[in-house]
Amino acid sequence: MRGTLTVVLLGAAATVWSAVPLGGTGWPGGLFVVIAALCVVAGLVRLILKDRVREEQGLFAGGLASLVDGADRLVQSLPWETGAAISVLVLETLHRSRPWHTGLLAVLLVCYLLAVNRAESAVPSAVFRGQARMLATSAALLVLVTGVAMVPSARTGALSGWLDILAALAAMAAGGLALPV
Amino acid sequence: MLASPEAEARPRSLSSTVPLRLELDWTVSRHARRLFDLALAGLALAVVTRRPELVAVAAPALVLLFVWRGPRPRAIEVSVRPSATRAYEGEQIAFEVTVSGQGGHAVELLLHPTDGAQAVRGADRAATGGDGAVRATLALELARWGRRRPGSLEVSLWDRARMFECHTFVLLAEVDCYPLPARHNAAVVRGRLANRVGDHVSRSSGDGSEFAGVREYVAGDRQRSINWAATTRRGRLQVNTFAAERSQDVVLLVDATSDIGELGSTSVDHSLRGALGVGRTYLDARDRVGLVFFGARMRWLAPGMGERQFFRLLDAIVVGRAGWSSGNDITRLPRAALPPGAAVIAFSPLLDARFVETLRDLRQRSFAVLVVEVLPTGTGRARRGLDRLAERIWQMERQAIRFSLGELGVTVVRWDGADVLALPVDRRARQGAGRRR
């Protein structure tokens with residue numbers, strides 16, 4: 001239950017963090033807030049219902065029973081968490097460039113996906129400690145790439161944006177190769 | 001999107017108490033797919049919007065996906081040891097699972113019950129990890145009688161970063177689940193009993209412990225049976241007499257021609273539970289108990305006594321170890337299966353005309369017949385006028401069947417399978433069940 005609560009809090013936090021300030025994003029902003037919220041809620045429902053024992057439907061099940069069964073299958077089969085993460089990212093791009101804000105959002109999103117993974121697994125927490133070192137190094141890499149993005153560029157010419165991206169990718173690749181994992 | 005690992009997983013091998021070697025097919029986990037999607041979305045948005053900070057979103061996901069490399073086992077050994085191979089309905093069976101060769105990977109165990117078994121909340125799954133062999137005890141509840149595999153065990157392995165996973169299934173060993181004997185309050189005893197030593201008080205005098213009366217002493221009577229008080233009053237030697245204690249043959253007749261009701265509480269389920277409960281009581285009273293299945297063909301178990309006969313009854317029900325004869329003509333049964341003078345206790349929903357005719361036939365052949373009517377479906381569902389009329393006619397037909405059987409001296413009692421089975425014990429019913437035409 002605590003794991004599920006963590007998932008909800010992190011999902012809500014990521015959605016709110018990417019949405020503020022909502023003014024200036026126009027109708028797409030509102031639309032993606034709604035999509036992200038719906039995906040977070042649907043992911044929560046999936047986590048709650050995943051361990052429920054499903055009764056076999058009879059050959060002549062009623063309309064309501066078929067509808068409930070269909071909705072249950074839909075909730076279980078669609079990747080709601082991925083939808084929530086992508087919606088939040090799109091929402092973030094609707095705002096002006098703000099690297100540190102996006103970096104923190106990336107932390108929230110990764111934590112959200114890790115919490116989902118933790119909540120949908122029955123494995124004790126001790127098993128997850130094995131990846132703590134790797135998570136720490138990936139967080140360092142995130143900080144490095146965010147820092148590179150915050151370095152002011154000349155912003156002259158059509159290729160300046162591409163060069164910034166290449167610089168970030170290069171920083172990520174270099175950092176990745178240097179990781180002691 | 002990558003292919004779902006669950007869709008590829010299929011049961012591989014049969015369960016055994018000896019370790020089974022299972023080959024593993026590792027696939028990318030759902031968690032890894034989500035991270036991959038996040039990284040892809042971050043990179044795509046960075047390129048489309050020309051904003052380098054979005055690359056940061058992809059960084060942790062890419063690290064977790066591509067940097068993590070660890071050795072993964074190709075096979076594991078799994079053994080599943082059930083705590084029992086025989087149980088009654090409603091009892092739980094524990095399965096001791098041992099997994100070895102997982103090399104420090106996390107192991108999740110989950111029992112999937114089949115029809116006739118139920119998961120025990122909190123005891124149907126376990127998660128563990130470690131370098132050596134890991135052990136866990138899981139449990140299932142057997143809900144319905146029969147010989148079957150109660151389920152399968154899903155063994156899931158995850159690497160330390162939970163990027164790769166594999167699922168494999170082990171079918172559990174076959175378990176015999178016996179119907180839970182019904183509780184009932186009394187046993188019907190025939191008026192005339194066979195000349196075998198038993199626990200029932202007979203009308204004839206003998207060496208039992210039940211006092212029967214006083215009579216005059218004759219040569220050969222035991223001195224210890226002299227009633228001195230009566231002797232003093234009458235002036236001549238008087239001796240006590242005792243009732244003989246005899247046993248009887250009881251044949252349990254189960255009607256399997258129609259099986260109606262919800263799974264787990266059908267008419268045949270009730271019949272078998274009732275028959276076992278009654279059989280248990282008669283066997284405890286040192287009677288000989290036999291069993292006859294009346295279905296598409298007759299199956300029978302000759303009467304016997306003792307604890308061993310009870311387990312023969314159970315096996316005859318679950319495994320089908322019984323004699324059989326083709327057709328469902330009761331006259332074709334051998335004398336050993338239906339001994340003359342036996343008390344026949346039939347369990348039936350009284351829906352099949354052939355079975356009702358068989359009951360009449362048995363009664364006319366001087367068997368004492370008692371019918372326990374097991375009809376699980378309740379009435380009173382009819383709401384419309386025509387439905388109500390049809391139900392009323394049906395009830396009258398059933399009443400007519402009961403009346404016609406009663407006229408022949410067959411006592412019919414109704415039992416819904418839930419309450420205590422109340423067999424008629426009053427004197428009138430006993431005489432009716434034992435009356436000869």
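Helix 1 and helix 2 of chain A run roughly antiparallel to each other, a label given to angles over 145 degrees. This is a predicted model, in which local features need pLDDT of at least 70 and side-chain atom pairs count only at pLDDT 80 or more, while totals for chains, interfaces and linings use all residues. Residues are numbered from 1 along each chain as its sequence is written, and chains are lettered from A and ligands numbered from 1 in the order in which they are written.

The axes of helix 1 (residues 2-19) and helix 2 of chain A cross at roughly 175 degrees and come within 10 Å; these axes are lines fitted to C-alpha atoms over the stretch in contact, with angles from 0 to 180 degrees between N-to-C directions. Helices here are DSSP runs (H or I, at least four residues), numbered from the N terminus. Among the residues that meet are A:V7, A:G11 and A:T15 from helix 1, with A:V33, A:A37 and A:L44 among those from helix 2. Contact requires C-beta atoms, placed from the backbone, within 7 Å. The residues of this helix pairing comprise 11 nonpolar, 5 polar and no charged.

A:L94 is 68 residues away from A:G26 in sequence, yet their C-alpha atoms are 8.8 Å apart.

Turning to the chains, 44 residues of chain A and 36 residues of chain B make up their contact. On the chain A side, helix 6 gives the most, with 10 residues.

Conventions:
Helices (H or I, at least four residues) and strands (E, at least two) are DSSP runs, numbered from the N terminus. Angles under 35 degrees count as roughly parallel, over 145 as roughly antiparallel, 65 to 115 as roughly perpendicular and the rest as oblique. Two residues are in contact if their C-beta atoms, placed from the backbone, lie within 7 Å. Ala, Val, Leu, Ile, Met, Phe, Trp, Tyr, Cys and Pro count as nonpolar, Asp, Glu, Lys and Arg as charged, and the others, Gly among them, as polar.
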